[in-house]
Amino acid sequence: MSVIKAVGIDLAKLVFSIHAIDEHDKCKFRKTVKRNNLLAEIAKLPPCIIGMEACSGAHYWAREFTKLGHDVRIMASKFVIPYRQNEKNDANDAEAICEAATRPKTRFVSIKSEEQQAVLCLHRIRQGAIKDRTARINRLRGLLAEFGIIMPKGRYPAQKAIYEILEDAQNNLPFLARELLNDLWLNIKTLNEEILKYDRKLYALAKQMKDAKRLMSIPGIGEITATAVVATVNDAKHFNSSRSFAAWIGLVPRQYSTGGKAHLGRISKRGEKHIRTSLIHGARAVIANCKNKTDRTSMWVKDLVERRGFKRATVALAAKNARLIWALLHSEKEYQADYVK
C-alpha cells in the first residue's frame with residue numbers, strides 16, 4: 001500500500017480543501033473538510049509533509065500540525081501560483097500547494113510562536129494608530145485650507161499650530177467648523193497617548209528580549225526595530241547569507257540583467273516593509289548625529305554622504321545594519337564597535 005508523502009491544505013475560514021500525494025507523486029485523495037474536523041482529519045495521517053500558504057491562521061495550524069508529528073511548510077503564494085493547473089479554485093489551489101511544498105527550491109516561512117505573534121500584534125496595532133493619526137492630521141490640514149488657513153509642514157509644527165488656530169478668534173473660522181475641527185484635534189491627542197502607550201510597551205519588551213538587547217547595540221537600531229526583527233525572524237540560519245537577509249527586507253538593488261550585462265536599479269522594496277522602514281528611519285538618525293564623531297561607521301557615512309548624497313547614504317547604512325543584524329543573530333555574538341584613534 002502506498003504511503004502518503006505530502007499533503008496540501010488550502011486554508012480558509014470555515015471549509016478547507018485537502019490534496020494528498022503518495023511517494024510516487026500520484027494523488028492519494030482529495031477532499032473538503034470543515035474547520036472543526038480539520039485537526040481530527042490530519043491526526044489520522046502518518047507523519048508527512050504538510051504545505052500551506054502564508055495567510056491568516058497559517059502559523060496557528062502549523063503549530064497544531066507540528067504537535068502531531070508532521071513536517072509543516074508554509075510558503076508565500078507567489079511560489080504556489082506556477083504549480084496551479086487549470087482554473088483557480090480551492091481544489092486546484094490545494095494541489096498546487098502540495099506540489100510546491102515538495103519542490104527543493106521553494107523558500108519557506110519559519111513558523112512563529114504565540115509569543116512572537118503577540119509582539120507582532122503590538123507592532124501592527126501601533127502602525128495602525130500612526131496611520132490613523134497621519135490621516136486625521138491631513139484631514140485637518142485639508143479642511144482648514146478650505147477656509148484659507150494653512151498649517152505648517154511636519155507633524156510637530158502642525159500639532160503646535162492646531163491649538164493656536166482653534167483658539168484664534170480673529171481668523172473668521174465659523175463656530176460649527178471650529179467645533180468639529182476641535183473634535184478632530186481631540187482625536188489626534190487621544191491617538192498620541194495611545195501610540196505613547198504602545199511605545200512604552202515595546203521599550204519594556206526590548207529589555208526582556210536577550211537578542212533585542214544585543215541588536216540595540218548597533219547604531220541606528222532601537223527598541224522598535226529590534227523587537228520587530230526578533231518577533232519576525234525565528235532563526236537567522238534560515239537565510240544563507242547576510243545578503244539574503246537584506247534581500248528579504250528589500251534593501252538590495254533591483255536587477256534587470258540579460259546578455260551578460262548587469263543592470264542594477266533602486267532597492268527592490270520587496271519583503272518585510274515594517275523592518276525596512278524602521279531601519280531607514282534609524283539610519284537617518286545616525287547620519288544626522290555623526291558630524292562630530294570619529295568612529296569607523298561615522299567616517300564611512302560622512303564620506304558616503306559627500307560622494308553619493310544623503311538619501312543614498314541612508315539606504316546604504318540601513319542595508320549595512322540589516323547585514324549586521326543577520327551576523328549577530330547567526331553567530332550569537334555581541335556587536336563590536338571600531339573607533340578611529
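## Close-up views of a predicted model

**View 1. Helix 12, from end to end.** Helix 12 runs over residues 310–331, and its 22 residues reach 31 Å from the first C-alpha to the last, close to the 32 Å expected at 1.5 Å a residue. Keep in mind, here and in the views that follow, that this is a predicted model. Just after helix 12 comes Glu 332, whose phi is positive, at about 60°.

**View 2. The buried residues of helix 12 and their neighbours.** Which residues of helix 12 are buried? They are Ala 313, Thr 314, Leu 317, Ala 318, Ala 319, Asn 321, Ala 322, Ile 325, Trp 326, Leu 328 and Leu 329. These buried residues pack against helix 7 (210–215), helix 8 (223–232), helix 9, helix 10 (273–288) and helix 11 (296–308).

**View 3. The largest pocket and its centre.** About 1300 Å³ of space lies in the largest pocket. There are 39 residues in its lining, and the closest to the pocket centre are Phe 108, Val 109, Phe 239, Trp 248 and Gly 271.

**View 4. What the pocket lining is made of.** Helix 2 (58–67), strand 6 (108–109), helix 4 (114–145), helix 9 (242–249) and strand 7 (253–255) each supply at least two residues of the lining of the largest pocket. Helix 9 gives the largest share, four residues.

**View 5. An aromatic pair between strand 2 and helix 2.** Six aromatic pairs turn up in a search of the whole structure. In one of them, the ring centres of Phe 16 and Trp 61 are 5.6 Å apart and the planes stand at 75°, so this pair is edge-to-face. The pair links distant parts of the chain, with Phe 16 in strand 2 (residues 15–22) and Trp 61 in helix 2, 45 residues apart. Are these two residues buried or exposed? Both Phe 16 and Trp 61 are buried, and Trp 61 counts as buried because its relative accessibility is 4%, against a limit of under 20%.

View 6. An α-helix has 3.6 residues a turn, so residues three or four places apart point the same way. Phe 65 is buried, with a relative accessible area of 0%.

Conventions
Residues numbered from 1 in each chain as written. Predicted model: local features only at pLDDT ≥ 70, side-chain atom pairs only at ≥ 80, totals over all residues. Heavy atoms only, no water. 1 Å grid on protein atoms, 1.4 Å probe; cavity = no way out; pocket = protein on both sides within 12 Å on 5 of 7 lines; lining within 4 Å. Points joined across faces, edges and corners; volume = space filled by probe spheres on them. Expected span 1.5 Å × (residues − 1). Buried < 20%, exposed > 50% of the residue type's maximum accessible area, 1.4 Å probe, protein only. Contact = heavy atoms within 4.5 Å. Phe/Tyr/Trp six-rings, centres within 6.5 Å; stacked < 30°, edge-to-face > 60°.
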